[in-house]
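Hi,

Here is the structure I promised to pass on.

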Amino acid sequence: MRRSYSFCLALALALAICFQFTPCTHAETDDAEQIIWKTGTLAPKNVGWAIYVDQILVPEIRKASGDKVVLKTYWGGIMGDDVHVLEKVDKGMLQGAGLSGGGTFLACREFSVLSLPFLFQSYDEVDYIREKMMDVFDGYMEKSNFALITWADQDFDQVYSITKPLAKAEDFRGVRCINWAGFMENQTMLALSAIPVPTNVPDVAVEIKRDQADGNIGPAIWVVGAQLYSKFRYVNPMKIRYSPVTIVISMDAWNQVDGEAQASIRGIREDITKRFVEKSRAANEKCMDAMVQYGVELVQSTPEELSELKNLTRSVWNDLAGKEYPQPLLQEVRGHLEEFRKGK
């Protein structure tokens with residue numbers, strides 16, 4: 001039975017992080033030399049990632065640019081979903097976008113290599129790849145006509161289900177799973193013999209509440225924000241995929257900023273990212289704990305069950321090489337991970 005009292009106590013901790021009100025720190029001025037980057041995102045204004053953008057990213061970019069660049073964000077899908085926002089950037093109606101994992105892959109297909117099933121084992125590995133390969137992904141973004149301002153975390157997305165626990169391979173057979181994150185997610189589900197239910201991000205919660213799907217892969221902070229903790233009965237925290245979030249600016253807008261300001265903004269990215277991910281990871285963890293306290297049942301796969309799931313989805317790695325990302329890019333990521341694991 002759902003424990004409303006326990007949930008209130010636990011969720012209060014999550015809400016303190018995820019839904020606190022933060023005054024907007026960006027504003028237009030009469031300074032003729034000031035550049036305003038207008039960006040659109042699906043993130044609700046006062047939830048998790050949005051808070052950290054206002055608290056960390058906006059003031060630091062303004063400071064690093066010598067007060068020349070102001071980030072103005074349109075929150076909560078006002079400008080449409082990731083597809084629509086990227087279209088508006090292409091048309092010059094917006095200068096940038098705050099993108100989910102799926103949106104990041106739309107902007108730059110090569111980024112999808114980071115979301116391969118069971119690629120990473122920990123955030124330490126994610127941080128190592130970011131450190132070693134930031135310049136590489138900068139290059140891919142630039143080829144896609146974007147400057148990469150921030151690469152942070154959506155989460156190690158968890159597996160949520162309504163009808164039954166999803167722990168071993170046979171559990172996934174025939175299960176209808178929401179497919180919102182793109183082609184790689186679709187292929188991963190097919191490899192597990194699940195049935196993908198293609199859905200746009202704004203419609204995910206609606207489809208689940210209408211019983212159009214049995215499961216979903218997503219971040220804890222979003223599940224709490226969408227109030228789906230009362231719908232899902234089970235959650236498995238297997239690290240089935242890592243999902244990045246990014247903030248990108250069109251190269252046209254980026255090139256309007258002088259070289260000194262560009263260098264300064266690039267120079268603060270490491271510190272911004274560290275502060276950002278510390279907060280977002282803590283928020284996701286607290287949201288996860290709150291849902292379990294509420295009564296969502298925690299499901300744990302055994303090492304043997306995880307091994308089978310990894311074997312079933314490993315084909316996705318090579319099947320998408322040369323289509324979604326270059327084979328050499330996959331080899332480079334795997335090489336760095338091997339280095340890290342040996343050193344550890």
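Below are my notes on cores, salt bridges, rings and strand pairing.

Some ground rules before the contents. This is a predicted model, where local features need pLDDT of at least 70 and side-chain atom pairs count only at pLDDT 80 or more, while totals for chains, interfaces and linings use all residues. Residues are numbered from 1 along each chain as its sequence is written, and side-chain values use heavy atoms, with hydrogens and water left out.

Cores first. By a nonpolar core I mean a set of buried Ala, Val, Leu, Ile, Met, Phe, Trp, Tyr and Cys residues joined through side-chain atoms within 4.5 Å. Buried is under 20% relative accessible area, exposed is over 50%, and partly exposed is in between (1.4 Å probe, protein chains only). The largest nonpolar core has 57 residues, and the ones touching the most other members are Trp-37, Val-53, Leu-57, Ile-149, Tyr-160, Trp-254 and Met-291. Helix H2 (residues 49-64) is the top contributor to this core, with 10 residues. Another core, apart from that one, holds 41 residues, including Val-126, Ile-129, Leu-148 and Tyr-242. For the element names, helices (H or I, at least four residues) and strands (E, at least two) are DSSP runs, numbered from the N terminus.

Next, the charges. I counted a salt bridge when a side-chain nitrogen of Lys or Arg is within 4 Å of a carboxyl oxygen of Asp or Glu, and the count comes to 20.

- Asp-258 and Lys-68 meet at 2.8 Å, N to O. Asp-258 sits in the loop between helix H10 (251-254) and helix H11 (259-267), and Lys-68 in the loop between H2 and strand E2 (69-74), so the pair ties together parts 190 residues apart in sequence. Asp-258 is partly exposed at 32% relative accessibility, and Lys-68 is partly exposed with a relative accessible area of 32%.
- Glu-142 pairs with Arg-266, with the closest N and O atoms 3.2 Å apart. Glu-142 is in helix H5 (residues 123-143) and Arg-266 in helix H11, 124 residues apart, so this pair also links distant parts of the chain. Glu-142 is partly exposed at 36%, and Arg-266 is partly exposed at 22%.
- Asp-157 and Arg-241 have their closest N and O atoms 2.9 Å apart. Asp-157 belongs to strand E4 (residues 146-161) and Arg-241 to strand E8 (residues 234-250), so parts 84 residues apart in sequence are tied together. Asp-157 is buried, at 0%, and Arg-241 is buried at 7%.

There is a network too: salt bridges with shared partners join Asp-127, Arg-130, Asp-153 and Arg-281.

On to the rings. Rings of Phe, Tyr and Trp (its six-membered ring) pair if their centres lie within 6.5 Å; planes under 30 degrees apart are stacked, over 60 edge-to-face, and the rest tilted. The whole structure has 12 aromatic pairs. Tyr-160 and Phe-232 have ring centres 5.2 Å apart and planes at 35°, so they count as tilted. Tyr-160 is in strand E4 and Phe-232 in the loop between helix H9 (220-225) and E8, so the pair ties together parts 72 residues apart in sequence. Tyr-160 is buried at 1% relative accessibility, and Phe-232 is buried with a relative accessible area of 1%. Tyr-229 and Tyr-294, with centres 5.3 Å apart and planes at 80°, are edge-to-face. Ring pairs also link Phe-111, Phe-137, Tyr-140 and Trp-151 into a cluster.

A charge sits over a ring if NZ of Lys or CZ of Arg is within 6 Å of the ring centre and within 35 degrees of the ring normal. Lys-239 does this over Phe-156, at 5.5 Å from the ring centre, and Arg-281 over Tyr-123, at 4.0 Å.

Last, strand E3 (residues 96-99). Gly-96 and Gly-98 on one side and Ala-97 and Leu-99 on the other are all buried, so both faces are covered. Two strands pair if DSSP finds at least two bridges between them. E1 (residues 35-41) runs parallel to E3, joined by three bridges, and Gly-40 stands opposite Ala-97. E3 and E8 are antiparallel, with four bridges; Leu-99 has Thr-246 in E8 as its bridge partner.

Cheers
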